Amino acid sequence: MACTNCSTGTKDGTPRGCKNNGTCGTDSCNKLTVFDWLGNMNLPNGETPFDCVEIRFKNGRKEFYRNTEKLTLSIGDIVATEASPGHDVGIVTLTGELVRVQMKKKGVAITSPEILKIYRKASQKDIDIWSEARDKEEPMKIKAREIAIALKLQMKISDIEFQGDGSKAIFYYTAEDRVDFRQLIKEFAQTFKARIEMKQVGFRQEAARLGGIGSCGRELCCSTWLTDFRSVNTSAARYQQLSLNPQKLAGQCGKLKCCLNYELDTYLDALKDFPDFETKLHTEKGDAICQKQDIFKGLMWFAYTDNFANWHVLKIEQVKEIIAQNKEKKRVSALEDFAIEIVIEPEANFNNAMGQESLTRFDQPKKSNKNKNKNKNKVSNPNQAQGQNPNQGQKINPNQGQNPNTNQARKPNPNQNPNPNQQNKKPIIIKKNEDKK
């Protein structure tokens, strides 16, 4: 994909790695990049270099051009190419004999007259005009959407691509039905002062141009390597035993995910050994219908037609055996004779190697502070339960009877022997207590 849509790049389109804004020699941030492993090899004597070159434009769009001027080109060069009208500006991504292989792979004839030519290497003036045109695309897209909404057109303008000389702008849009945009083109031409071209793309092509991150955590396949978009049906999800949830099966384009077809052939090969899902088993207890299949373990779940709550697990071999007896017009006694029990292994204890706290620590009710203080007093004063005074035989502090926090008097212990040095000093607090007694 192009550098402007690179997930590792900055807002101005400059990649964080090479800092070359798409002109690096490796060209590794683009879609379907081909490594030129023949670049360091010389051609045999008498052989001329292949005259076609692969050039990349915005959003990874690549085209083949003929080097009629015999220019010395290398990967990363900015060139001015033929366009209708005017000229376009692009970046060389591949040269040499590998271009011949790529053209054959993509079905482009080498001698086709439709292959346009390269004018020259881009000058600084060409690059400046090209950069200014690219800077206009984002504000133009916002304004174009406002005009389309004002005209009440059922369409979405997804992207705008300016030609290198700034004379033409290509508007890419998506729509469910046919759209009459004749008035829209007039509005665009008056507003943007440029030649307007409208191109309708599918929803998958729109996602490929814009890019993004899929539910798997990686960049979208359509924006990195996928070029052919095959039709995806809900039957692909049924064969893979997936729940038919449109929110999980749909991609960012709103269609079914392309990755549903990746493993479909493997599932179809595995299902060849399974009996038909619609097959009924006839027993003396009643008929049974298949409810579920486990492709990896080779198991099938059956339930009687009069009791769908109880499912019986059978192996494929046992199901085939019952089907063979039914073909001979014989009925087995019951599915319970063939059913197996699935033993669920206990989960291994979690080893808290990282020292993390339990996730359920907030689920437990919080203990009150009063209960904690009561328990602490019971443990810290074991002598109180036996009727003993823990302060007996100790010296009395003159301020001991007063609590500085509450300013309340404590009752003295009558069995306690007072200090003879404190007999003449009668604290006021102790005197009050004696009067109370």
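# A first look at the largest pocket and its surroundings

The residues lining the largest pocket of this model comprise 13 nonpolar, 13 charged and eight polar ones. Welcome to the structure, which is a predicted model. The points below begin with that pocket, move on to a pair of helices, and end with a few spots in the loops.

**The largest pocket**

- Rolling a probe the size of a water molecule over the atoms shows where empty space is left.
- Here, the largest pocket has a volume of about 960 Å³.
- Its lining has 34 residues, and those closest to the pocket centre are Gly60, Arg61, Lys62, Glu63 and Arg209.
- Several elements each supply at least two lining residues: strand 2 (62-66), strand 6 (156-162), strand 7 (168-174), strand 8 (195-200) and helix 4 (203-210).
- With four residues, strand 2 gives the most to this lining.

**Helix 2 and helix 3**

- Two packed helices are described by the angle between their axes and the distance between the axes.
- For helix 2 (residues 124-150) and helix 3 (residues 182-192), the axes come within 11 Å and cross at roughly 140°.
- Because of that angle, helix 2 is oblique to helix 3.

**Gly211 and its contacts**

- You will find Gly211 in the loop between helix 4 and helix 5 (221-224).
- Gly211 and Cys222 are eleven residues apart along the chain, and their C-alpha atoms are separated by 7.8 Å.
- If neighbours within four places in sequence are set aside, Gly211 is in contact with Leu220, Ser223 and Gln252.

**Backbone spots to look at**

- Most residues other than glycine have a negative phi, and most peptide bonds are trans.
- The peptide bond from Ser84 to Pro85, however, is cis, with omega near -5°.
- Pro85 sits in the loop between strand 3 (78-82) and strand 4 (87-94).
- Lys70, a residue other than glycine, has a positive phi, near 55°.
- To find Lys70, look in the loop between strand 2 and strand 3.

Conventions
Residues are numbered from 1 along each chain as its sequence is written. This is a predicted model: local features need pLDDT of at least 70, side-chain atom pairs count only at pLDDT 80 or more; totals for chains, interfaces and linings use all residues. Side-chain values use heavy atoms; hydrogens and water are left out. On a 1 Å grid over the protein atoms alone, a cavity is a set of points where a 1.4 Å probe fits but cannot get out, and a pocket is an open set with protein on both sides within 12 Å along at least five of seven lines; lining residues have an atom within 4 Å of a point. Grid points are joined across faces, edges and corners, and a volume is the space filled by probe spheres set on the points. Ala, Val, Leu, Ile, Met, Phe, Trp, Tyr, Cys and Pro count as nonpolar, Asp, Glu, Lys and Arg as charged, and the others, Gly among them, as polar. Axes are lines fitted to C-alpha atoms, for helices over the stretch in contact, and angles run from 0 to 180 degrees between N-to-C directions. Angles under 35 degrees count as roughly parallel, over 145 as roughly antiparallel, 65 to 115 as roughly perpendicular and the rest as oblique. Contact means heavy atoms within 4.5 Å.
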